[in-house]
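Biologist: I'm new to looking at protein models. Could you pick out one kind of side-chain pairing and take me through it slowly?

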Amino acid sequence: MQFSEAVKLALQSLWANKLRSVLTLIGVVMGVASVIMVITLTNTANNYMGTKLSGYGADVFTIARDGLIFGPDDYARFQKRKKVMMEDYQAIREGCSDCREVGTSQSRTIKVAHNGKSTTDTEMRGYTDAMFSLSNTNVALGRALTEGDVDHGTHVAVVGYDVVDDVIADGDPLGQEVRIDGVPYTVVGVGERQGKTFGQSQDNWVAVPITAYQHTYGSNESLTVYARANGDSKIMERAEDQVRVIMRTRRHDAAGTPDSFEVQTNDTFLDIWKQISQLFVFIVLALASISLVVGGIVIMNIMLVSVTERTREIGVRKALGARQKDVLLQFLIESALMALLGGVIGIILGVGVAQIITLIFDISVDVSIGSILLGMFMATGTGIFFGVYPASKAAKLDPIVALRSEM
């Protein structure tokens, strides 16, 4: 039997039992759809996280009291630490010779008002002048904060476009006075539009000199210090070591004890994110495998029913000269095609759901060819594996016994 003829017979058999074929494929469809959807969403999230973190640059690292919190023990441990204060920032700025730039920031959620209009849940950033460069925050109109603004605690602000669109509205925003939690600030700059990520606007912010921020809200909050190394990865390691020595000396950390602060780079966050996403993918793949196994068992049962129903047909074909491998090939192809069809439907469904989710959260979807090929391989492999036994049973039927079977 030619392969093309076997495929044609298999398709005819599936078409003759359309409803049964569709119901049989549900397990395979769900399993493959889960694999495609999760891998697509994970790749999309990885690209998004990489893009966001790379905004600070590979040569930027942070110094803070807190690190990543994975449980109550971490939270309790971080709360016992001394806060990172302005004096620590000044010491790092003056003592780190391998740091090209050093800045610091604080933030909180506030309300911005102007001429009877106001925003809600606006992020207020207390910045030093270097933070615009360190965070790759570009200014579209006007200017950024200057060292003089920070030194004198000037009540000036750089605002995001949400503040311009929703509060200042018409006219030139530069020189306008806005009230941040009731305190007047003059707008001297407007940041570039950043759009939305995961449905949340990235333009709803104001940045003011950190000295003005602390004059209003106090200087008792812990800071996050940002530092950019003055060269390649080796110089960055030296810069981190210098900062550790400065901080450990100031905080009187005993020799041999862990740091009482956290020094982290973009790679730290990316590595942790990738570990979390890989664990998530592993769990979903395990669940999808269960769906595929269930789907495979259903396929095997349906193929056994099909063998029973077509026993006389098998006997006729064998009587006319069909060999065991011909019958085996026919039923294996039928089983594989059934599963492959489920895989194709699952791929379309998985990509479709991923597209809908990414549209809702306003991020670009990243569909990899590898995930599609993996889905097709898993579907086809499931069909072949669970189709071997029914196909083997059909191939081994005695033609005389098969011909005696009632139609």
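Modeller: A salt bridge here is a side-chain nitrogen of Lys or Arg within 4 Å of a carboxyl oxygen of Asp or Glu. Side chains of opposite charge can pair when their charged atoms come close. Before we go on, this is a predicted model, where local features need pLDDT of at least 70, side-chain atom pairs count only at pLDDT 80 or more, and totals for chains, interfaces and linings use all residues. Residues are numbered from 1 along each chain as its sequence is written, and side-chain values use heavy atoms, with hydrogens and water left out.

Back to our pair: E147 sits in helix α7 (residues 147-152) and R93 in helix α5, so the bridge ties together parts 54 residues apart in sequence. Helices are DSSP runs of H or I with at least four residues, numbered from the N terminus. E147 is partly exposed at 41% relative accessible area, and R93 is partly exposed too, at 36%. Buried means under 20%, exposed over 50%, and partly exposed in between, using a 1.4 Å probe and protein chains only.

Helix α5 (residues 86-95) also holds D88, which pairs with R250 in helix α10 (residues 233-251), 162 residues apart. In total, the structure holds 13 salt bridges.

Definitions and conventions. Helix = DSSP H or I, 4+ residues; strand = E, 2+ residues; numbered from the N terminus.
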